[in-house]
Amino acid sequence: MAWIAGERVNLRAWERADVRAAWGAAQSPDGRGDRLRDWHKPPKSLQVMEAEFDAAVLDPDPAVLEFVIDADGRAVGDIDFFDIDRRNRNAIVGIGIWRTDDRGNGYGSDALRAALRWGFGQLNLHRVELSVDPKNAAAMHVYEKLGFVVEGRRREQWFEDGGYHDELMMALLGREFMARHHGER
């Protein structure tokens, strides 16, 4: 059952079976699944990921909302609001499409649009921000198309493949999103 419906995807709560799907996708030979995410995590075993899921079910973090992106009845990625600040009505968003074959099909942009519509309209957020690798042109295109603007650059913020890399900070205000996407489902 969809909790948040987009045009092509549904956002729903995680189920334990989704942990296995996410773990399996992370084992892909191209290794880009985790590298395209807006944060960097070390690899984890399936057992550790399932234990973390079980612990989160018993004691959820009120500053985090995590959704599975479901397309055509299967999990293709995840999208999360985290560091939710209910007083100032801010949050950070992160999104990942797990498998190479599922990237470039519009799932990510549809999921992000649906999540933002819900975040601004139902969660009553005022501002949503994200970070992105400036070399990730596909992500930058989606974010800018939805109305995110670059607010700054963190120089040499993270280390990977033998070198330091910059990170762009982007944000979107609720009124900007609603003006741009008013009337969309």
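The largest nonpolar core has 37 residues, and Leu11, Phe81, Leu112, Tyr143 and Phe148 are the ones that touch the most other members. A nonpolar core here is a set of buried Ala, Val, Leu, Ile, Met, Phe, Trp, Tyr and Cys residues joined through side-chain atoms within 4.5 Å. Buried means under 20% relative accessible area, exposed means over 50%, and partly exposed is in between, with a 1.4 Å probe and protein chains only. Keep in mind that this is a predicted model, where local features need pLDDT of at least 70 and side-chain atom pairs count only at pLDDT 80 or more, while totals for chains, interfaces and linings use all residues. Residues are numbered from 1 along each chain as its sequence is written, and side-chain values use heavy atoms, with hydrogens and water left out.

H4 gives the largest share of the core, eight residues. There is also a second, separate core of five residues, with Ala22, Val68, Ala75 and Trp98 among them.

Now follow E6. Five of its six residues are buried, so this strand is largely enclosed by the rest of the structure. What does E6 pair with? Strands count as paired if DSSP finds at least two bridges between them. E5 and E6 run parallel and are joined by three bridges; in E6, Val128 is the bridge partner of Ala91. E6 and E8 run antiparallel, with six bridges joining them, and Val132 stands opposite Leu168 in E8. Bring the helix back in, and E5, H4 and E6 make a right-handed β-α-β unit. Right-handed means that, with the strands pointing away from the viewer, the path from the first strand over the helix to the second runs clockwise.

On to the charged side chains. Side chains of opposite charge can pair when their charged atoms come close. A salt bridge is counted when a side-chain nitrogen of Lys or Arg lies within 4 Å of a carboxyl oxygen of Asp or Glu, and the whole structure has 11 of them.

Take Asp70 and Arg12, whose side chains meet in a salt bridge at 3.1 Å, N to O. This pair links distant parts of the chain, since Asp70 is in strand E3 and Arg12 is in strand E2 (residues 10–12), 58 residues apart. Asp70 is buried, with a relative accessible area of 11%, and Arg12 counts as buried at 15%.

Arg16 and Asp54 form another salt bridge, with their closest N and O atoms 2.9 Å apart. Here helix H1 (residues 16–26) holds Arg16 and helix H3 (residues 46–58) holds Asp54, 38 residues apart. Arg16 is partly exposed at 39% relative accessible area, and Asp54 is partly exposed at 30%.

Then there are Asp102 and Arg74, in a salt bridge at 2.6 Å, N to O. Asp102 sits in the loop between E5 and H4, while Arg74 is in strand E4, 28 residues apart. Is each end buried or partly exposed? Asp102 is buried at 6%, whereas Arg74 is partly exposed at 39%. Finally, salt bridges that share partners join Arg12, Asp18 and Asp70 into one network.

Definitions and conventions
Helix = DSSP H or I, 4+ residues; strand = E, 2+ residues; numbered from the N terminus.
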